Protein chains: 2
Amino acid sequence: MPPAAGPRNPGELFLAEIREQPAALLRLLDHKPDFDAVTKVMRERRPSVVRLVGHGSSDAAASFGVYAFGLLPGWTAMRDSISLTVYYDAKIDLSDSVVIGLSQSGETPDVVEYVKRARGRGAFTIGITNGTDSSLALAADATLGLAAGPERAVAASKTFLNTLAALVWVAGGAAGRGDEIAEGLRRVSNQLSETLESLEQAVSNVAMAFAYVGRMYVIGRGIEFGTAREVALKLTETCRVAAEPLTATDLAHGPIAALDSMFPVWTIASRDESLPAVVEAAARVIEAGATVVASGNAATEIEGALYVLPVPEPSHPILSPLLSVVPGQLFAGALAHAKGLDADYPVGLSKVTRAR
Amino acid sequence: MPPAAGPRNPGELFLAEIREQPAALLRLLDHKPDFDAVTKVMRERRPSVVRLVGHGSSDAAASFGVYAFGLLPGWTAMRDSISLTVYYDAKIDLSDSVVIGLSQSGETPDVVEYVKRARGRGAFTIGITNGTDSSLALAADATLGLAAGPERAVAASKTFLNTLAALVWVAGGAAGRGDEIAEGLRRVSNQLSETLESLEQAVSNVAMAFAYVGRMYVIGRGIEFGTAREVALKLTETCRVAAEPLTATDLAHGPIAALDSMFPVWTIASRDESLPAVVEAAARVIEAGATVVASGNAATEIEGALYVLPVPEPSHPILSPLLSVVPGQLFAGALAHAKGLDADYPVGLSKVTRAR
């Protein structure tokens with residue numbers, strides 16, 4: 001629904017929710033007791049696998065979760081196949097698993113069904129959702145609310161950011177480092193507050209230049225692959241651009257052949273072990289004649305980028321995606337505006353996706 | 001390298017290798033002792049996780065492997081993050097895992113490095129490769145050769161098909177059903193032989209109509225998601241189309257907003273538990289005004305598809321992808337021809353990808 005009072009400018013809900021992210025992140029940090037309780041159970045369980053399930057932005061966040069668990073407690077986490085359990089009813093042993101169901105609304109049907117079945121088979125199940133009274137919250141053993149406040153634009157922004165925060169906080173807790181991560185998240189909130197306005201101005205130039213673009217690649221590797229997936233999804237849903245997320249290496253294994261000067265590439269470069277691969281991939285893209293936009297806290301390392309959108313460096317590299325997704329969100333909003341589209345209500349989408 | 005003798009027509013290597021697939025598949029089936037030896041070790045190990053690693057077509061095959069292991073022995077298999085282990089050096093326990101490294105050449109640097117590290121940490125490591133003297137073969141505890149014969153076109157075809165076959169055969173062996181799967185694969189080879197010629201004719205009409213297409217989605221779910229990934233990759237690398245693979249559900253979570261009449265969708269519909277989701281997704285695509293091509297053994301179930309490319313039904317549903325990928329391969333070859341491109345040697349790619 002549009003706001004109750006007064007006329008709405010297209011895209012204003014989406015932009016308002018992007019701007020609200022520093023505050024929404026702080027609200028999540030008020031829920032330390034919930035996170036402590038959940039991580040206590042997880043540490044006792046010592047799961048052989050953490051299974052992350054979600055669709056759309058929640059699935060992009062799950063890609064980040066794989067790294068948060070891999071790098072903090074050193075646990076194996078995976079984006080699990082929902083269809084194996086929900087449609088094929090495969091007889092996979094889940095008793096030794098922790099399951100994290102991710103859904104902004106908490107009403108995504110097959111995520112809820114997956115969590116129910118996994119719980120029935122002995123997994124410890126956690127719902128991470130903005131809908132604390134939702135079907136997902138009812139189905140799971142424990143719920144971590146996103147505390148993002150109502151999100152009205154169809155394209156997720158603050159619920160995505162808070163999902164990343166919840167995942168890294170819970171992974172930090174599993175490693176016995178929950179408080180340190182919470183402190184880092186608090187600092188991210190400040191860094192975002194200080195950066196948002198200048199980023200908004202910076203993306204508008206890029207958006208003007210890209211008004212007629214129909215296809216893009218978004219590349220990121222490692223901890224930033226989830227960010228690449230989320231930025232590509234924003235561009236697809238709000239701007240009708242065919243934007244595909246790729247790891248730096250995937251790009252070299254085929255897609256680079258499709259590039260030309262009409263096919264820009266958005267790169268996410270953060271200062272960590274994956275940076276050299278991203279720098280190399282960007283060099284290949286430029287050699288192929290495509291325009292490069294560089295974002296992330298190591299954006300200035302991308303030589304030959306036509307546009308550079310740096311963000312601050314957080315206290316821990318694993319927190320970088322919470323900052324580097326923001327230029328992508330703002331760019332999607334600005335590009336939708338440049339294309340004359342309404343980023344708040346993309347044609348053909350609704351806020352709660354009930355598709356199986 | 002082009003063939004040594006005589007002039008070469010653009011795309012003829014790729015087409016010849018697609019046509020050779022029934023014979024290549026039979027050659028793989030001559031290697032029963034190798035498969036029996038490997039599956040014996042796997043059954044003794046009873047791994048908590050099977051970790052599949054590969055890039056490009058090998059990674060598309062890994063998506064299929066997740067289902068082959070989930071549905072046959074009921075084991076958890078995942079496409080593992082290479083960067084977590086190779087670049088971040090995450091301290092994840094791999095001792096309880098079986099690792100399957102997938103690489104046509106056996107020379108993909110980070111796949112080889114991953115396998116070395118996993119072996120050093122106690123995993124049982126298997127290389128599935130056409131390069132039986134390759135670095136991957138040297139690095140792994142055991143090697144399963146693809147027996148596909150030399151593949152000269154840069155875009156993989158017969159090595160992809162044989163990688164699917166090797167994965168499903170090894171998963172069948174882990175379930176104590178290796179011989180039954182081998183019999184099914186033998187039948188697939190016959191079915192392919194009988195179908196290839198008529199499929200070649202059928203795809204040429206679609207290719208003519210799509211000569212100016214610049215972007216496509218390829219949708220498949222469950223066992224056919226890997227097929228969707230492979231078909232999208234073929235279209236991207238040989239035809240310079242921005243073709244993105246999506247599950248039927250992913251499509252509804254955003255990308256459907258980007259569709260219009262200039263944005264055709266290739267659907268893969270096979271008769272199994274995922275079919276209703278694919279049928280629903282195709283209906284949504286048609287409602288959005290996009291053209292649908294239906295392939296797979298349940299192609300005729302897709303109402304309103306403008307082009308229908310059915311393939312035979314195999315003895316076991318899990319073998320469907322070995323048949324349903326073929327219309328996609330042939331279409332990529334025909335579309336490259338219609339666009340005046342050389343499917344054998346796409347610009348910017350080489351047969352052995354050394355990018356990290």
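Domain bounds here come from an automatic or database domain assignment. On that basis, chain A has domain 1 (12-185) and domain 2 (192-338), and their centres, taken over C-alpha atoms, are separated by 25 Å. This is a predicted model, in which local features need pLDDT of at least 70, side-chain atom pairs count only at pLDDT 80 or more, and totals for chains, interfaces and linings use all residues. Residues are numbered from 1 along each chain as its sequence is written, while chains are lettered from A and ligands numbered from 1 in the order in which they are written.

**Domain contact within chain A**

- Domain 1 of chain A gives 25 residues to the contact and domain 2 of chain A gives 24 (two residues are in contact if their C-beta atoms, placed from the backbone, lie within 7 Å).
- On the domain 1 side, two or more residues each come from helices H1 (12-19), H2 (21-29), H4, H8 (158-174) and H9 (178-209) of chain A (helices, H or I of at least four residues, and strands, E of at least two, are DSSP runs numbered from the N terminus).
- H4(A) gives the most to this side, with eight residues.
- The domain 1 side has 18 nonpolar, six polar and one charged residues (Ala, Val, Leu, Ile, Met, Phe, Trp, Tyr, Cys and Pro count as nonpolar, Asp, Glu, Lys and Arg as charged, and the others, Gly among them, as polar).

**Packing of H2(A) and H9(A)**

- The axes of H2(A) and H9(A) lie 8 Å apart at an angle of about 165° (axes are lines fitted to C-alpha atoms, for helices over the stretch in contact, and angles run from 0 to 180 degrees between N-to-C directions).
- H2(A) is therefore roughly antiparallel to H9(A), a term for angles over 145 degrees.
- H2(A) contributes A:Gln21, A:Pro22, A:Leu25, A:Leu26 and A:Leu29 to the contact, and residues from H9(A) include A:Ala182, A:Leu185, A:Arg186 and A:Val188.
- By class, this helix contact has eight nonpolar, three polar and one charged residues.

**Contact between chains A and B**

- Chain A and chain B each give 51 residues to their contact.
- Elements giving two or more residues to the chain A side include helix H10 (225-239), strand S7 (242-246) and helix H12 (275-287) of chain A.
- H4(A) gives the most to the chain A side, with four residues.
- The chain A side divides into 24 nonpolar, 17 polar and ten charged residues.

**Relation of the copies**

- Chain A superposes on chain B by a rotation of 180° with 0.0 Å of shift along its axis (RMSD 0.0 Å), by least squares on the C-alpha atoms of residues with pLDDT of at least 70 in both.
- The two copies are thus related as by a two-fold rotation axis.
- The copies meet through the same surface, because 100% of the interface residues of chain A are also interface residues in chain B.

Conventions. Parallel < 35°, antiparallel > 145°, perpendicular 65-115°, else oblique.
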